[in-house]
Amino acid sequence: TTKRRRHLRNFNSIQLNENKMTPKHKKASALVFLALVASTALRFHSGWTEENGNGGRQLANGQTNTQYDRTYRGLKRRGLEPGTATFDRLLRNRLERRKNRTQEMKKNGQGREVMRNLKDNKDIWLRGEYLESRGKFISNTWHRGEEVAAAAKAAGEFEEKRKLEEDFEPLTICDRPADVGSKEDFIHLQQYSHCSEITQDKPILLLEGRESFGRTGNNLIEFLHAIQEARDNDIQLGIMSQSWATNLLLKMWMAIESPDWESEFERTFCVKIFGYPSELEGWDIIHKGTKDLFMYSSKLPLGEYIESQEFSLRSLFRNYNTGGKGRDRRGLTAKDMCSGINSIFGEDRRTAMYSVIHSRTMEGVPGFRLLQKVARTSGCDPVAALEMKPDYIKSILEPLGMMNYPIVFITDGQNSAVLERLMADPDIGPLIHSVPKEACWIGGDLTLAVMSSVFIGNPASTFSGFIAKSRLALGLGHTYLFRAKDENGEWRTVCGDHCVFDKSILKAMA
């Protein structure tokens, strides 16, 4: 306090001039020093005793003397009596809040460092040799090394151009920023956004019927492949208004909110919507089943194919449903694509850091066989992405600093043992979150995974693949599908994020 500082200054002054002091001054100096020491000792002893009640020498809650003193004096200034139950309760509560704020500030600092690490270290274009089970190293480039390198170079140039934009504003999805712009600005992408007039002078590929091949992941690939086939072959694309395609898409994107919905949809995807079969008269229709669409393989170089597919994916996510007045093709209220994120993170959704694990069993043995096929082309482990064991998950999250943040588990529900095993792990278990039942639906799970900080999925699942493609289209890295152990027994990525678009790796699923 002011009085102690004055005593200390007086004592120092006397010390500096002790050679000039009389015996009377020296005696006064000693008395001042003893008073200061006694006062200081009494103050700290009183503080310890009043907090602990037993004269102990440890301050509560690990607080420093400075924190304790400031809080203690603040309560006294309010007229509260030290030693009373009210005083002690308020003192403990305030010290605890101060401690929590300090820890939160420290956590936020660590979070910013983790975010920088995630942004600066992405294995998007990783390819190379992997260790086969017989101890032989095999390359997973499949003679496309130059093509991969060219695609990586083009993507790098695209990124550099984006960084030079002064008015860059990121696309946000459920209040979470992607790493792409809110609009497509680059000249070389305008070829996809510019729609030629659709006329009867050209053949038109028609998406029709209610039946589709496979589940949601397959159906989304079928739609993207249809767009790609029309671009590749310079034909037009048409959609029947009550087809599998509109029923699929409007549940998650482009919900009907205005009378000019059809024209907006047509401009977004360069398609023509037909309401009734009678409207098809005079058109040169190309009929193709959904299985054939799924199996379509573009002949474009890898870089151009990725660029084209990513544009279509961004077009979807620029028009995601948010509930409200939107309706799907059956007239039902469209659900909110942000429901999963909102249910877990609420007001913190914009800045929340979290990982998502997508566990997909795929009907048991067929899923196991399909993952084995992907393992042969990519070099990934033939079972790890199905089992999702704790050591596999930790090998991804620990180096990224993500073992201090929530892990959201989404699944097809066919193998409960995967979740039970993760919940039993002392490190992973406390971090696991599941989407509440009332917010759990395929669109909410999809967006939750697409906008996560880290995504861990199954490369044999088309749903995981669609999530991975969407993340890459939105500029988000740290998607882990292709992992295997090296010769030292350490888990590592053997095929980067771009491999989900490569036909030599995922065949028809790419």
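Is Arg360 buried or exposed, and what is its relative accessible area?

A: The model considered here is a predicted one. In this model Arg360 is buried, because its relative accessible area is 13% and buried means under 20%. The side chain of Arg360 meets that of Asp412 in a salt bridge, with a distance of 2.9 Å from N to O. Asp412 is partly exposed, its relative accessible area being 22%.

One of the residues involved is Arg144, whose side chain meets that of Asp502 in a salt bridge of 2.5 Å, N to O. Here distant parts of the chain are linked: Arg144 is in the loop between strand E2 (137-139) and helix H5 (145-163), Asp502 is in the loop between strand E15 (491-493) and helix H19 (503-506), and the two are 358 residues apart. Arg144 and Asp502 are both buried, and for Arg144 the relative accessible area is 17%.

Arg144 has a further partner in Glu147, and the side chains of these two residues meet in a salt bridge at 2.5 Å, N to O. Glu147 counts as partly exposed, with a relative accessibility of 26%. Through shared partners, salt bridges join Arg144, Glu147 and Asp502 with Arg127 into one network.

Another part of the model shows how two helices pack. Helix H7 (residues 216-232) packs with helix H11 (residues 302-317) at an angle of about 125 degrees, and the axes are 10 Å apart. That angle makes H7 oblique to H11. The two helices cross in a right-handed sense. On the H7 side, the contact is made by Leu224, His225, Ile227, Gln228 and Arg231; on the H11 side, by Tyr305, Ser308, Gln309, Phe311, Ser312 and Leu313. Sorted by kind, the residues of this contact comprise five nonpolar, five polar and one charged.

Technical notes:
Residues numbered from 1 in each chain as written. Predicted model: local features only at pLDDT ≥ 70, side-chain atom pairs only at ≥ 80, totals over all residues. Heavy atoms only, no water. Axes fitted to C-alpha atoms, helices over the stretch in contact; angles between N-to-C directions. Helix = DSSP H or I, 4+ residues; strand = E, 2+ residues; numbered from the N terminus. Parallel < 35°, antiparallel > 145°, perpendicular 65-115°, else oblique. Left-handed = near helix turned anticlockwise from the far one by under 90°. Contact = heavy atoms within 4.5 Å. Nonpolar A, V, L, I, M, F, W, Y, C, P; charged D, E, K, R; others polar. Salt bridge = Lys/Arg side-chain N within 4 Å of Asp/Glu carboxyl O. Buried < 20%, exposed > 50% of the residue type's maximum accessible area, 1.4 Å probe, protein only.
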